[in-house]
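Please work through the exercises below with the sequence and the three-dimensional structure open beside you. Try each task before you read its solution.

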Amino acid sequence: MILKILAFGITKDIFGTSEKEIEINEGASIKALKELLEKDFPELKRLKSYFIAVDDEYAEDDQIITVSNEIAIIPPVSGG
Amino acid sequence: MVDIKITENKLDLTDCFTLASDPACGGMASFVGTVRNHTKGKSVTRLEYECYESMAVKEIQKIADKAIFLFSVKNIVVHHRTGILFPGDAAVIIVVSDGHRNAVFDACSFIIENIKKTVPIWKKEIFEDGEEWVSAHP
């Protein structure tokens with residue numbers, strides 16, 4: 001399945017775009033997505049941390065992604 | 001009452017006070033986060049704020065709900081600005097009102113600390129000789 005990943009902050013710079021399309025197996029977990037992203041963009045491993053959000057909520061590693069989810073990569077936040 | 005706003009426009013403290021004002025409340029506390037003109041010995045020219053708005057509003061709502069649960073405060077206003085800000089500009093305004101003064105101070109402090117931890121808003125510092133996403137790297 002093709003996932004569209006919204007990127008913000010430094011991850012937008014790393015991807016070079018604010019909406020990155022990525023191909024991944026059906027039924028993939030958040031953990032699998034992170035591994036795939038880290039393979040394509042090793043710079044992600046240099047960040048202090050990063051999370052994946054699914055439909056506006058922070059997701060756990062074992063959560064399964066479907067093509068209808070809104071996926072976003074959340075680098076360390078710095079609001080306020 | 002909880003009022004949350006994320007906007008590219010200038011924030012207005014008076015608006016926030018008006019929204020939180022309540023004849024049933026005897027105290028209001030506010031926190032205003034402003035842009036500093038220096039960081040780690042370097043001059044900051046401007047900040048660029050970016051936000052994942054749909055999620056940010058939900059995360060701020062969760063923090064406000066938790067503050068109401070923990071401190072039993074009555075009204076909370078959180079306005080956060082995005083876009084390009086210059087030193088001295090207000091980036092965030094929090095106003096809390098309630099019948100008890102200790103609760104409003106505690107809630108204000110709790111809200112800003114948690115905004116900095118979980119709300120998907122990012123700032124990039126622009127210096128005279130470079131730029132950096134704040135907190136991105138260890």
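The exercises that follow treat the fold of one chain, its packing and the contact between two chains.

This is a predicted model, in which local features need pLDDT of at least 70 and side-chain atom pairs count only at pLDDT 80 or more, while totals for chains, interfaces and linings use all residues. Residues are numbered from 1 along each chain as its sequence is written, and chains are lettered from A and ligands numbered from 1 in the order in which they are written.

**Exercise 1.** Work out how many helices and strands chain B has, and in which order they come.

Solution. Begin with the DSSP runs, where a helix is H or I over at least four residues and a strand is E over at least two, numbered from the N terminus. Chain B has 3 helices and 9 strands, and along the sequence they give β-α-β-β-β-α-β-β-β-α-β-β.

**Exercise 2.** Find which residues have the most contacts inside the largest nonpolar core.

Solution. Such a core joins buried Ala, Val, Leu, Ile, Met, Phe, Trp, Tyr and Cys residues through C-beta atoms within 7 Å, and buried requires 20 or more other C-beta atoms within 10 Å of the residue's own, with C-beta atoms placed from the backbone. The largest core has 56 residues, and Ile76(B), Ile94(B), Val96(B), Ala107(B) and Ile111(B) have the most contacts inside it. Its largest share, 7 residues, comes from helix 2 (residues 53-71) of chain B.

**Exercise 3.** Determine how many residues of chain A are in contact with chain B.

Solution. Contact requires C-beta atoms, placed from the backbone, within 7 Å. By this rule, 17 residues of chain A are in contact with 24 residues of chain B. Helix 1 (9-15) and strand 5 (71-74) of chain A each supply at least two residues of that side of chain A.

Methods: Contact = placed C-beta atoms within 7 Å. Buried ≥ 20, exposed ≤ 12 C-beta atoms within 10 Å, placed from the backbone.
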